[in-house]
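Colleague: I have just opened this model and would like a short tour of it. Could we take it topic by topic?

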Amino acid sequence: MNLPNKLTIARVAAVPFFIAAYMCEYYAAAFILFAAASLTDMLDGKIARKYNLVTNFGKIMDPLADKILVYSAFCLMVEDGTVPGWMLIVILAREFAIAGMRTVAASEGLVIAAAMSGKIKTVLQMIAVPLLLLTAAITDGQIRGYFDTAAQIFLWASLIMTVYSGVEYIAKNRNVFSQ
């Protein structure tokens with residue numbers, strides 16, 4: 001197994017530790033785990049492309065690992081009221097719709113490539129979550145307020161990009177519905 005795939009697996013393996021830290025209210029530790037796992041996403045892709053180590057496993061598992069990490073965080077944050085439940089529903093609805101379209105397309109031998117808007121959505125989510133974690137970890141009210149404002153901006157931006165990228169995927173690949 002090559003290094004990029006090992007990094008992807010490490011990202012998934014970090015999730016239970018992130019969840020445990022968050023649930024024990026060790027928000028600084030949860031932040032460190034999430035940030036480190038997020039950095040492996042950037043790193044594994046760069047290594048895979050630079051050294052021609054792109055694999056089918058990586059093409060499937062890399063975005064899945066991102067989703068496991070980010071949506072685990074969002075689920076925990078819905079539970080404690082940090083993120084509204086309806087936001088998670090919108091985010092998951094988009095993911096299931098796109099996954100369904102990709103499955104139908106794959107059954108017809110078609111591949112729906114990831115669009116830049118979907119990548120931007122993931123980056124915005126991977127910025128929003130650590131900012132939300134820092135907001136929970138910081139006790140100084142004024143500093144906490146700054147982080148909370150930034151976190152909310154990125155959370156809403158990620159939601160807007162989630163909806164936009166979902167609409168874009170559906171519009172660009174509507175031919176899948178006629179298969």
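Colleague: Before that, what kind of model is it, and how are residues numbered?

Modeller: It is a predicted model, in which local features need pLDDT of at least 70, side-chain atom pairs count only at pLDDT 80 or more, and totals for chains, interfaces and linings use all residues. Residues are numbered from 1 along each chain as its sequence is written, and side-chain values use heavy atoms, with hydrogens and water left out.

Colleague: How many salt bridges are found in the whole structure?

Modeller: The search finds 8 salt bridges, where a salt bridge is a side-chain nitrogen of Lys or Arg within 4 Å of a carboxyl oxygen of Asp or Glu. Asp-66 and Arg-11 form one of them, at 3.1 Å from N to O. That pair links distant parts of the chain, since Asp-66 belongs to helix α3 and Arg-11 to helix α1, 55 residues apart. Helices here are DSSP runs (H or I, at least four residues), numbered from the N terminus.

Colleague: Is Asp-66 buried or exposed? And what about Arg-11, buried or exposed?

Modeller: Asp-66 is buried because its relative accessible area is 9%, and Arg-11 is buried at 0%. The terms work as follows: buried means under 20% relative accessible area, exposed over 50%, and partly exposed in between, with a 1.4 Å probe and protein chains only.

Colleague: Which residues are linked with them in a network of salt bridges?

Modeller: The network of salt bridges links Arg-11, Asp-41, Asp-44, Asp-62 and Asp-66.

Colleague: Which side chain meets Glu-168 in a salt bridge?

Modeller: Lys-172 does, at 3.4 Å from N to O. Glu-168 is buried, with a relative accessible area of 16%, whereas Lys-172 is exposed at 60%.

Colleague: Changing topic, what is the volume of the largest pocket?

Modeller: The largest pocket has a volume of about 1,700 Å³. Of the 50 residues lining this pocket, Lys-59, Asp-62, Pro-63, Asp-66 and Ala-114 are the closest to its centre. Helices α1, α2 (27-50), α3 (56-79), α4 and α5 (116-137) each contribute at least two residues to the lining.

Colleague: And how do you define a pocket and a cavity?

Modeller: On a 1 Å grid over the protein atoms alone, a cavity is a set of points where a 1.4 Å probe fits but cannot get out, while a pocket is an open set with protein on both sides within 12 Å along at least five of seven lines; lining residues have an atom within 4 Å of a point. Grid points are joined across faces, edges and corners, and a volume is the space filled by probe spheres set on the points.

Colleague: How many cavities does that give?

Modeller: The count is 1 cavity of 30 Å³ or more. Its lining consists of Asp-66, Lys-67, Val-70, Tyr-71, Lys-121, Thr-122 and Gln-125. The largest share of that lining, 4 residues, comes from α3.

Colleague: On to the aromatics: how many pairs are there?

Modeller: There are 5 aromatic pairs in the whole structure. Tyr-22 and Tyr-27 form an edge-to-face pair, 5.2 Å centre to centre, with 75 degrees between the planes. Trp-86 and Trp-156 form a tilted pair at 5.7 Å and 55 degrees. This second pair joins helix α4 (residues 85-107) to helix α6 (residues 141-172), with Trp-86 and Trp-156 70 residues apart. Rings of Phe, Tyr and Trp (its six-membered ring) pair if their centres lie within 6.5 Å; planes under 30 degrees apart count as stacked, over 60 as edge-to-face and the rest as tilted.

Colleague: Which residues do ring pairs link into a cluster?

Modeller: Phe-18, Tyr-22, Tyr-27 and Phe-34 are linked in that way.

Colleague: What is the phi of Glu-25 in the loop?

Modeller: Glu-25, in the loop between α1 and α2, has a positive phi of about 65 degrees although it is not a glycine. Asn-52, in the loop between α2 and α3, also has a positive phi, near 55 degrees. Glu-25 is exposed at 56% relative accessible area, and Asn-52 is exposed at 67%.
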